[in-house]
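Dear colleague,

Please find the structure below, handed over for your own work.

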Amino acid sequence: MDHDDHAVPLAELLDERRQLLDVAHWMLGSSAEAESVVDEAYRRWYGLSGPARARIAGPRAWLVRVTGGICLDRLAVPGRGPVGAAGVRPGTEAVPPDAVLEEVDEVLLGALDSLSPEERAAFVLNDVFGMAPGAVAGIVGQPEQECAELVHRARRSLRARRLQPTPPRQHDLVVRAVRQACLTRDATLLTSLLARDVTAYFDGGGKVRALDTPVRGSLQVAHSLLTLLAGCPNTALQARSVNGRTGLVVRYDHEVAAVICLDVAGRQVVQVWTILNPDKLRSWNRRGDASSSPPGG
């Protein structure tokens, strides 16, 4: 009888599936997506031949690795941003995950959206599930040393967000200062408002020619923002409510062309998310919204 045909206790089967769901949920933040990922992982398992399955010494470890890989692929899909497929909405709070496991720290789960796909995967697999460095590296697809740096960067980013909560008024002041620096093209001021290890993401959804890799470092991010917002007569930069906090809205010929979300820790910006994907900007360009301006914007 093949190893694959050996009976497995029900408790072990259920525990295995629960672990896979936990991994997928932590990485994607959605119970519905987690179910889909785990189903795909099992489809790949049963897509192997019997002899191929028999050669896998640890089926659960194989399934965890495949589950993590599928999640990483989904996180890397163009168009995924800090607010998921729904995009950014004017003046509303971000939508939380579909369901949050009881033992999950909701603040941490939400904060994971601020990380890059590789940082999130490395942090979840290393710190949440305690996987061996080699296993983490195999899933993330980078050397162990690089994965260790990803984990370190994720911890530092999450620590900044959790230990230095920024009151709404302070957040608003920092964002408006960023707006002023962009309007006056003051690179020195803009750089001073950005944390040294700030990271910027540009979500074009594959529908505009945007940067497709994260930009890191205050000088580099400042340069990228000033290049993106290079002034022309038909462009306006306004401060608006974005997902419940002050963000920046870029209009070109009275149409919203970009929405910029900024994560602020203390008095500096630690993450910048620039949404350029036209699909995610539809709600901003509904009749009447694109031409309205907020007081003091």
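Arg-43 counts as exposed, at 52% relative accessibility; here buried means under 20% relative accessible area, exposed over 50% and partly exposed in between, with a 1.4 Å probe and protein chains only. The model is predicted, so local features need pLDDT of at least 70 and side-chain atom pairs count only at pLDDT 80 or more, while totals for chains, interfaces and linings use all residues. Residues are numbered from 1 along each chain as its sequence is written, and side-chain values use heavy atoms, with hydrogens and water left out.

Arg-43 forms a salt bridge with Glu-40, with the closest N and O atoms 3.0 Å apart; the term denotes a side-chain nitrogen of Lys or Arg within 4 Å of a carboxyl oxygen of Asp or Glu. Both residues lie in helix α2, 3 residues apart (helices are DSSP runs of H or I with at least four residues, strands runs of E with at least two, numbered from the N terminus). Glu-40 is partly exposed at 21% and also meets Arg-44 in a salt bridge of 3.1 Å, N to O. Arg-44 is partly exposed as well, with a relative accessible area of 40%.

The whole structure holds 12 salt bridges. One of them joins the side chains of Asp-15 and Arg-60 at 2.9 Å, N to O. Because Asp-15 lies in helix α1 and Arg-60 in helix α4, this pair ties together parts that are 45 residues apart in sequence. Asp-15 has a relative accessible area of 36%, and Arg-60 one of 25%.
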